[in-house]
Amino acid sequence: GILQSRIEPHLLRYQSSESKRKLTRAAEDHHKAFTQLQESGLNWTIVCPTYLPDGEPTGTYRTEKDVLPIDGSRISTGDTAHFAFS
């Protein structure tokens, strides 16, 4: 939700018609944390999966800067563990 919308680039996904979510509380909290990181002066990377189910690694990684990767619809907790430590 805190990535830029492809459809409405002046908005974040959770603020745009691109989002299918009815509730935005979590995205709003994530947006606040994201803003704090931006303003911190730290060197950081953030990973923004839309849904993170338990599971084995899919082994497929797609990256984009500021937007959800095209066809970026599947990731698992196994992928994040591998990504974080490889």
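Select G41 to begin: this glycine sits just after helix α1 and takes a positive phi of about 80°. Helices here are DSSP runs of H or I with at least four residues, strands are runs of E with at least two, and both are numbered from the N terminus. The model is a predicted one, in which local features need pLDDT of at least 70 and side-chain atom pairs count only at pLDDT 80 or more, whereas totals for chains, interfaces and linings use all residues. Residues are numbered from 1 along each chain as its sequence is written, and side-chain values use heavy atoms, with hydrogens and water left out.

Next, step back to α1 itself, residues 25–40, whose 16 residues reach 23 Å from the first C-alpha to the last, close to the 22 Å expected at 1.5 Å a residue; the expected span is 1.5 Å times one less than the number of residues.

Now move to the segment before α1 and select S5, which is placed there. S5 is buried, with a relative accessible area of 1%, where buried means under 20%, exposed over 50% and partly exposed in between, for a 1.4 Å probe and protein chains only. With neighbours within four places in sequence left aside, S5 is in contact (heavy atoms within 4.5 Å) with L11, L12, R13, S16 and E18.

The side chain of S5 makes one with the side chain of E18 at 2.8 Å, and another with that of S16 at 3.3 Å. S16 also lies in the segment before α1, counts as buried at 9% relative accessibility, and touches S5, E8 and L11, not counting residues up to four places away in sequence.

A salt bridge is a side-chain nitrogen of Lys or Arg within 4 Å of a carboxyl oxygen of Asp or Glu, and a search of the whole structure finds 1. E18 is buried at 14% relative accessible area, and R13 is buried at 13%.

Finally, select I70 in the loop between α1 and α2 (77–85), which is exposed, with a relative accessible area of 57%. I70 touches R6, R62 and E64, not counting residues up to four places away in sequence; I70 and R6 are 64 residues apart in sequence and 9.7 Å apart in space, C-alpha to C-alpha.

How values were computed: A polar contact is a pair of N or O atoms within 3.5 Å; within protein, one must be able to donate a hydrogen and the other to accept it, and residues adjacent in sequence count only if both atoms are side-chain atoms.
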